[in-house]
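Trainee: I'd like to learn how to read a structure like this one. Could we go through it feature by feature?

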Amino acid sequence: MSNVRTRLRTAGAVVGVAVLASIGIAGPASAHDAPKPGTTCDMSGTAEVVHGTVYVCRNLKDGQQPRWDAGKKVTTTALTLSDGWAKAAKKGDMSAAFGTLKNPTSKPIRVIAAISPASTVMQLHEVVDKDGEMVMQQKNGGFVIPAGGSFTLKPSGNHIMYMDLTKALSAGKTTALTLITDEGGLVTFKPLIKVFSGGNESYEDTSGMPGMH
Amino acid sequence: MSEPTHAVTRRGVLAAGGAALLGAASGLAVGASIPVDSHAATASTGAPPEPSSTTTVQDSASPIPAEPFYGQYQSGIATAPTALCTFVGLDLQRASRSDALAVMRLITDDAARLAAGSAPLADTEPELTTNPAGLAITVGIGRQLLDRLDLGDRIPPELAPIPGFATDRFERPWGQTDLMLQVGSNDAITVAHVLRMLTKDLSTLTSVRWMQPGFRSVSPPLPGSHATRNLMGQIDGTVNPQPGTEQFDQVVWLPDGQQWWSNGTVLVLRRIRMLLDTWEELDRPTQETVIGRRIDTGAALGVVSESDDVPFDAVNRAGLPVIPLDAHIRVAHASTSAEMILRRPYSYDAGMRHGANDLGLLFAAYTRDPRRSFIPMQRRIATSDAFNRWNTTIGSASYLIPGGVRDGEILAERAFA
């Protein structure tokens with residue numbers, strides 16, 4: 001994991017302050033250059049908020065090196081999460097968050113990334129049947145929550161993955177989870193951390209990152 | 001399979017034939033029709049359920065709801081006793097306020113969801129939560145936990161240490177713990193699954209010291225009685241205050257003006273082994289003299305029915321008290337509301353031990369102030385109760401039961417903050 005740097009930084013941007021406060025990284029920080037759109041990045045799913053703009057490192061096609069997207073001005077989104085929970089795990093381990101995303105608006109909402117103060121990188125994962133074996137992999141297009149509809153995140157199904165916990169997720173605590181839409185909408189939830197041992201499907205590494213398992 | 005399909009009610013399974021009484025006793029809103037489990041009926045006959053000729057029978061099972069979780073008080077105290085209730089004693093692994101709050105957050109979340117008829121988050125067997133059947137989850141806090149968390153100044157004086165009594169014969173592991181969970185339901189699978197879920201959820205924060213499963217009949221021992229029979233056949237709980245009365249509130253809930261524990265109470269939980277082998281050697285009149293009440297009717301000696309006042313001053317032709325001076329009900333008698341307790345007893349049966357039945361009573365008493373009620377009563381009992389020869393107190397613990405919460409709040413949140 002040494003090749004993954006902590007990419008979540010703040011530059012004290014006007015728009016970003018409230019959002020960043022809610023994900024636990026508020027306060028003045030050193031100026032930081034925004035990622036250059038189109039340039040390659042280490043690990044898809046990495047997201048940065050710089051000067052009120054959110055950038056996401058994405059690989060839109062399997063096997064390609066992920067690249068920074070064009071960036072979107074940070075705004076809000078009406079997306080909600082009910083029954084949110086995350087699996088308790090030790091520092092350095094992986095974990096996942098679950099729940100039901102609901103879209104109360106009349107247009108579909110596409111979630112393309114997530115940010116947690118507990119993990120350097122978060123990824124949106126799906127579980128698919130590959131030759132009879134259930135494997136999980138990154139969902140490159142993100143999660144689309146239909147207009148007026150819901151989208152279920154559950155073990156052995158779609159979930160939001162903590163790729164590398166920088167601190168433990170301890171049972172009974174809550175942990176901030178910020179979702180990012182393709183329109184730059186940010187919203188933070190506080191899923192409850194619970195002991196859970198299920199859903200251990202094998203992991204299909206499409207991130208180009210060695211040594212994940 | 002020509003025989004007719006038997007309609008098996010869920011609660012009928014628990015209390016054979018007592019469904020109507022049961023509904024009244026458990027106080028559950030079940031509507032006009034008795035829920036019928038058609039799957040159970042299928043299993044009992046091996047044939048598909050036939051269309052019923054009676055209008056009260058439904059094709060599919062109707063879940064029996066849980067007691068509401070949100071409210072002024074925690075459920076499981078003023079609510080109707082369920083057929084099954086397990087008490088769990090747990091210790092916090094680390095003396096940490098944030099861990100204590102994490103425990104309360106998990107219990108609150110699980111209990112609220114279960115009470116609403118849903119599965120807890122991360123439940124791998126959500127199908128086992130579909131019949132709450134009067135489920136009530138109650139949480140208690142041991143005095144020692146508040147001490148360990150350096151919150152001694154938040155211990156209410158009512159949560160007084162229970163002193164030792166001359167008759168105590170404590171055995172491991174039934175002693176005081178940091179925390180207590182009480183899980184009651186009329187469905188055994190529900191109790192087992194909720195216990196599994198809660199103990200799993202708390203497994204990184206707490207260690208379970210003991211589990212004490214209890215049971216009782218949910219049909220009244222006699223029409224109109226609010227009490228229950230213990231494993232000696234005695235009717236227990238005759239003089240209980242009744243929920244919804246001013247007396248109940250005075251007997252059970254902590255006095256007003258609490259800073260941390262509004263709408264709380266104190267639970268004294270004692271594990272009392274009954275010595276049935278020697279008890280059964282006594283003839284029935286002797287047994288009734290020891291207690292001061294008839295076993296069949298529950299009436300005090302010298303009067304007719306269970307609800308009649310006990311004639312403590314009556315004497316027989318020999319000039320001796322009808323209720324002997326060392327009779328259990330005289331020794332345990334409370335003269336004022338302040339001396340009263342709410343008895344919510346369960347029986348236990350732990351199988352055989354050294355060739356004898358290890359069974360008895362989970363004496364669960366809820367009281368505003370045990371210094372004025374349970375402790376003096378138990379002191380009198382230990383000193384002079386004739387009944388002591390046939391039972392042994394093998395465990396004791398007491399807990400503060402915090403008040404109830406509203407949606408969005410966490411049990412005992414302010415006290416642990």
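Trainee: Which side chain makes a polar contact with the side chain of B:Ser396?

Mentor: A polar contact is a pair of N or O atoms within 3.5 Å; within protein, one must be able to donate a hydrogen and the other to accept it, and residues adjacent in sequence count only if both atoms are side-chain atoms. Here the side chain of B:Arg270 makes such a contact with that of B:Ser396, at 2.8 Å. The B:Arg270 side chain also has a polar contact with the side chain of B:Asp168, at 3.0 Å. Keep in mind that this is a predicted model: local features need pLDDT of at least 70, side-chain atom pairs count only at pLDDT 80 or more, and totals for chains, interfaces and linings use all residues. Residues are numbered from 1 along each chain as its sequence is written, chains are lettered from A and ligands numbered from 1 in the order in which they are written, and side-chain values use heavy atoms, with hydrogens and water left out.

Trainee: Is B:Arg270 buried or exposed?

Mentor: Buried means under 20% relative accessible area, exposed over 50%, and partly exposed in between (1.4 Å probe, protein chains only). B:Arg270 has 2% relative accessibility, so it counts as buried. You'll find it in strand β7 (residues 265-274) of chain B; helices (H or I, at least four residues) and strands (E, at least two) are DSSP runs, numbered from the N terminus. Leaving aside neighbours within four places in sequence, B:Arg270 is in contact (heavy atoms within 4.5 Å) with residues including B:Phe363, B:Phe374 and B:Gln378.

Trainee: How many aromatic pairs does a search of the whole structure find?

Mentor: Rings of Phe, Tyr and Trp (its six-membered ring) pair if their centres lie within 6.5 Å; planes under 30 degrees apart count as stacked, over 60 as edge-to-face and the rest as tilted. Over all chains there are 11 aromatic pairs. B:Phe69 and B:Tyr70 make an edge-to-face one, 5.3 Å centre to centre with 70° between the planes. B:Phe69 is buried at 8% relative accessibility, while B:Tyr70 is partly exposed at 36%. The pair of B:Phe363 and B:Phe374 is tilted, because the planes are at 45°, with the ring centres 5.8 Å apart. This pair links distant parts of the chain, 11 residues apart: B:Phe363 is in strand β10 (residues 356-367) and B:Phe374 in helix α11 (residues 374-384), both of chain B. B:Phe363 is buried at 10%, and B:Phe374 is buried at 1%. In chain A, ring pairs join A:Trp85, A:Phe98 and A:Phe196 into a cluster.

Trainee: What area do chain A and chain B bury between them?

Mentor: The size of an interface is often given as the accessible area lost when the parts come together. Buried area is the accessible area (1.4 Å probe) that two parts lose on being put together, summed over both. For chain A and chain B that's about 1100 Å², with 65% of it on carbon and sulfur atoms. The contact takes 12 residues from chain A and 18 residues from chain B.
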